[in-house]
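User: I am new to this structure and would like a close look at its aromatic ring pairs. Could you walk me through them?

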Amino acid sequence: MRTIILGHGLAGTMAGKTLRELGSPAEIIIIGEEKYPYYPRPNLIDFIAGDLPLNRMFAFPPDWAEKQKIQVNYGRRITGLDKEKMAVEIDGQEWIKGDNLVLATGAAPLLPGIPGVEKKGVFSLRTIDDAQSLLEFLTAGPEPEVVVLGGGLLGLEIARAILKRGLKTVTVVEYFNRLLPRQLDETGARLLRVQLEKMGLKFLLGKEAAEIEGEGKVSQIKFKDGSQLPAGAIIVAAGVKPRIELALKAGLSCNRGLLVDDYLQTSQAGIYAAGDVAEHRGRIYGLIPAAFDQARTVAYNLAGQEKKYEGTVPANTLKVAGVFLTTAGLILPEGEGFEILSRLDEEQGVYKKLVFKDNQLVGAIWLGVKKGGQEISRLVQARKDPGQYKSNLLADNFDFSRLNNL
Amino acid sequence: MEKWECTACGYIYDPEAGDPEHDIPPGTPFESLPDDWVCPQCGVSKEFFQKID
């Protein structure tokens, strides 16, 4: 029995790791594009900030894969996929055949289709090599004015990290008129922005990039409204796209992502998918907890222990410069039948919002405060009715541990 | 002693149990973990951990 895992990111690695933990005797082969052992991508942020040196980025000891009898092929590209033969082509040279395949090919940064995006000084961040070339560029020569395109989670994290590196001018540009458009509503986004401005970040909201200008390398960015901004370095953090090219060519059913059923099987029996490439019940998560759940589910099914994946409720705790943010479930409800309770304390920088449907808690924003965030988030995941406590949930002094007994 | 949760993957560090697989003996508070300790489940750095109240 041989399982070939395409991709050495979190999903691919955890699928292999879990398969071993389940006692599977299968031969496990992981093929990874990067030349490094497994690391979780959030560590790239700490690396850029200067908090984590390269040699400490990796999750497992150097002999981990060998001890687990997992064969990892580093720095190799998958160039072909034959779904009938259950075979993959590596580096356009050799084909290897397996009994099962796991596609964990992840996602690639989305680059805007604007003139100048290929210029020197334009970066995206997905790999260790990306991070290293960015750092080299930022620290060579006079300090550049840095522009981060994208005010989502990754954009804010990158901006914070570069500021922490010691660079002075870092501007986040966001197409929407608020930060974290997927995680926050308008009130929360405004509050977060104020907090981040206090720590030195600059923001330009509601701006759409039109062109990146510069001779040889970038010098400024022009926006659709005609305005411009000096930019010695530009980092694009405007979302990602699932890497489905191979799957598409091989004839596996795809939408925006690679389609999987509740067993995380693709349209071809014996071929599974997990992580950022997978689309399950219309959702592509792009979140570590989801990639984790999916990788585990794949491993169980591979090990012959049938297991269904029911989806992952996106709960995200983010911390930017001491600003806590927990968002869970549905935060911007559309349609009828929702009840919203909220409380805003501008002075303390605290914002709490709860979204109910039929008395069940279905969504929450907890900004600038940590206490209660986890309990609320759990309540959302369980879609529970907080019953008698409903009116107390927004109070700072509420004993949130009471919710655990609901 | 307080437990800490990995905000990336949900792993919970329990000081009473430690992390013997990575030479962290039982009874080691989170604050005393070495700087290069990473989440044994997903590998993110200590920065990603939050105290569970």
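Analyst: Let's begin with A:Trp366, which has a relative accessibility of 1% and therefore counts as buried (under 20% relative accessible area; exposed is over 50%, partly exposed in between, with a 1.4 Å probe and protein chains only). A:Phe400 is buried too, at 3%. A word on the basis: this is a predicted model, where local features need pLDDT of at least 70, side-chain atom pairs count only at pLDDT 80 or more, and totals for chains, interfaces and linings use all residues. Residues are numbered from 1 along each chain as its sequence is written, chains are lettered from A and ligands numbered from 1 in the order in which they are written, and side-chain values use heavy atoms, without hydrogens and water.

Rings of Phe, Tyr and Trp (its six-membered ring) pair if their centres lie within 6.5 Å; planes under 30 degrees apart are stacked, over 60 edge-to-face, and the rest tilted. Over all chains, that rule gives 17 aromatic pairs. In one of them, the ring centres of A:Trp366 and A:Phe400 are 6.0 Å apart with planes at 85°, so the pair is edge-to-face. A:Trp366 belongs to strand E25 (residues 360-367) of chain A, while A:Phe400 is in the segment after helix H9 (373-381) of chain A, so the pair ties together parts 34 residues apart in sequence; helices (H or I, at least four residues) and strands (E, at least two) are DSSP runs, numbered from the N terminus.

In chain B, B:Phe30 and B:Trp37 make an edge-to-face pair, 6.1 Å centre to centre and 85° between planes. Both B:Phe30 and B:Trp37 are buried.
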